[in-house]
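Here are a few friendly notes to read alongside the model. Keep the 3D view open and look up each residue as you go.

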Amino acid sequence: MDTSYPREDYLPAPAHKREPSRTVLVSPPPRDHLIWSIFNTIYMNFCCLGFVALAFSVKARDRKVAGDVEAARRFSSKAKCYNALATAGSVVLPLLLAALVITGVIHLSKLAQESVGFFTYQFSPSDDEDK
């Protein structure tokens, strides 16, 4: 076994005391919501909000790579907002449309049942009554 390099277990402890280092809180980099934007653009593109969210997501990613964290946060916030609007619109509007169709069908069926008597009423006497 080669023991020519010093191992961590056998290193001597430093003789001087270390001063506690200052802790600097670094905020995490902003999220760009790119996957969510792509999903909204491809699958649920309501009023092109998914495409707008995709544009802001790409801008947020570019600003994050360039090191401009504040601009990346602004673009990320806008992308998140547009993604939420696109998702909500794409989920709520079909549900609303389905509810309107169902209530319309129910109303029309009740209306048809009530008007059956009107359409079966005979205005002229039948031939059987004449004899």
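1. A term to begin with: a polar contact is a pair of N or O atoms within 3.5 Å, where one must be able to donate a hydrogen and the other to accept it. Please also keep in mind that this is a predicted model.

2. Now try the term out. The side chains of Ser-37 and Asn-83 make a polar contact of 2.9 Å. You will find Ser-37 in helix 1, which covers residues 34-42.

3. Is Ser-37 buried or exposed? Buried means under 20% relative accessible area, and Ser-37 has 0% relative accessibility, so Ser-37 counts as buried. Leaving out residues up to four places away in sequence, Ser-37 touches Gly-50, Ala-53, Leu-54, Ser-57 and Asn-83.

4. Next, look for the largest nonpolar core. Its 5 residues are Phe-56, Ala-60, Ala-71, Phe-75 and Ala-79. Helix 3 gives the most, with 3 residues.

5. Apart from neighbours within four places in sequence, Phe-75 is in contact with Phe-56, Lys-59, Ala-60 and Arg-63.

6. Finally, the record. An unreviewed UniProt entry lists residues 34-56 and 82-106 under "transmembrane region". In the model, residues 34-56 are 74% helix and 0% strand, with end C-alpha atoms 9 Å apart. For residues 82-106, the span is 100% helix and 0% strand, and the end C-alpha atoms lie 36 Å apart.

Note on methods: Residues numbered from 1 in each chain as written. Predicted model: local features only at pLDDT ≥ 70, side-chain atom pairs only at ≥ 80, totals over all residues. Heavy atoms only, no water. Core = buried A, V, L, I, M, F, W, Y, C linked by side-chain atoms within 4.5 Å. Buried < 20%, exposed > 50% of the residue type's maximum accessible area, 1.4 Å probe, protein only. Helix = DSSP H or I, 4+ residues; strand = E, 2+ residues; numbered from the N terminus. Contact = heavy atoms within 4.5 Å. UniProt positions renumbered as here; feature names shortened; annotations may be inferred.
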